[in-house]
Amino acid sequence: MADPDSVPAGKYGRSALVHLGVWPSVEQRVARAENVRAALALVSRGEAPFGIVYATDAQADKGVRVVDTFPPDSHPAIVYPAAMVAASASPSAKPLLDYLESAAARPVWERYGFRMAR
């Protein structure tokens with residue numbers, strides 16, 4: 001799994017394992033990867049029997065199979081915020097943000113395993 005001391009995915013994973021009461025029994029056996037993709041690669045190459053990664057990353061790697069998911073209430077909500085900085089001078093920033101929030105973008109988000117917050 002991604003390092004639970006420094007990587008968001010690792011922190012979510014540790015939260016879920018703590019919630020489920022198994023963190024103390026697995027903590028010393030965790031391979032702490034530098035990021036989610038590195039953790040996924042360990043599983044994909046057969047160097048780790050299981051991994052904890054985002055579902056969207058698992059879907060992108062045909063060398064892995066999702067065997068289970070954590071209950072939504074076992075970890076904080078995973079949110080990818082998008083915002084425009086006040087000092088932005090880019091004329092395409094606002095239209096891009098508007099599109100990302102639009103009904104037209106929803107099927108694209110869902111195709112890749114995401115869902116809209118609103």
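I looked up Y112 to begin with and found it in the segment after α6, a helix that spans 106–111; helices here are DSSP runs of H or I with at least four residues, numbered from the N terminus. Y112 also belongs to a nonpolar patch on the surface, together with L96, Y99 and V108, and the four have about 390 Å² of accessible area together. I note that such a patch is made of residues with over 30% relative accessible area and no salt bridge, with nonpolar side chains (Val, Leu, Ile, Met, Phe, Trp, Tyr) joined within 5 Å, and that the areas come from the Shrake-Rupley method with a 1.4 Å probe, only the protein chains shown counting as cover.

Before going on, I checked what kind of model this is: it is predicted, local features need pLDDT of at least 70, side-chain atom pairs count only at pLDDT 80 or more, and totals for chains, interfaces and linings use all residues. Residues are numbered from 1 along each chain as its sequence is written, and side-chain values use heavy atoms, with hydrogens and water left out.

Confidence came next, given as pLDDT, the predictor's confidence in each residue from 0 to 100. The protein chain averages 93, and 99% of the residues score at least 70. Helix α2 (residues 23–26) has the highest confidence, at 98, while α6 has the lowest, at a mean of 90.

I then turned to the aromatic rings, where Phe, Tyr and Trp (its six-membered ring) pair if their centres lie within 6.5 Å, planes under 30 degrees apart counting as stacked, over 60 as edge-to-face and the rest as tilted. The count by this rule is 4 aromatic pairs. Y80 and F114 are edge-to-face because their planes stand at 80°, with the ring centres 5.6 Å apart. This pair links distant parts of the chain, since Y80 lies in the loop between α4 (55–59) and α5 (93–100) and F114 in the segment after α6, 34 residues apart. F114 also pairs with W109, again edge-to-face, at 5.7 Å centre to centre and 80° between the planes. F114 is partly exposed at 26%, and W109 is partly exposed at 29%. Ring pairs link Y12, Y54, Y80, W109 and F114 into a cluster.

My last entry concerns salt bridges, each a side-chain nitrogen of Lys or Arg within 4 Å of a carboxyl oxygen of Asp or Glu. I find 6 salt bridges by this rule. In one of them, R32 meets D5 at 2.9 Å, N to O; the pair links distant parts of the chain, with R32 in the loop between α2 and α3 (36–44) and D5 in the segment before α1 (8–19), 27 residues apart. R32 is partly exposed at 36%, whereas D5 is exposed at 51%. R45 and E47 form another, with the closest N and O atoms 2.7 Å apart; R45 is exposed at 53%, and E47 is exposed at 53%. D98 and K94 also meet in a salt bridge, at 2.7 Å, N to O, and they are separated by about one helical turn because they are 4 residues apart in helix α5. D98 is partly exposed at 36%, and K94 is partly exposed at 43%. Salt bridges that share partners join D3, D5, R14 and R32 into one network.

Conventions. Patches are made of residues with over 30% relative accessible area and no salt bridge: like charges are joined within 9 Å, nonpolar side chains (Val, Leu, Ile, Met, Phe, Trp, Tyr) within 5 Å. Helices (H or I, at least four residues) and strands (E, at least two) are DSSP runs, numbered from the N terminus. Buried means under 20% relative accessible area, exposed over 50%, partly exposed in between (1.4 Å probe, protein chains only).
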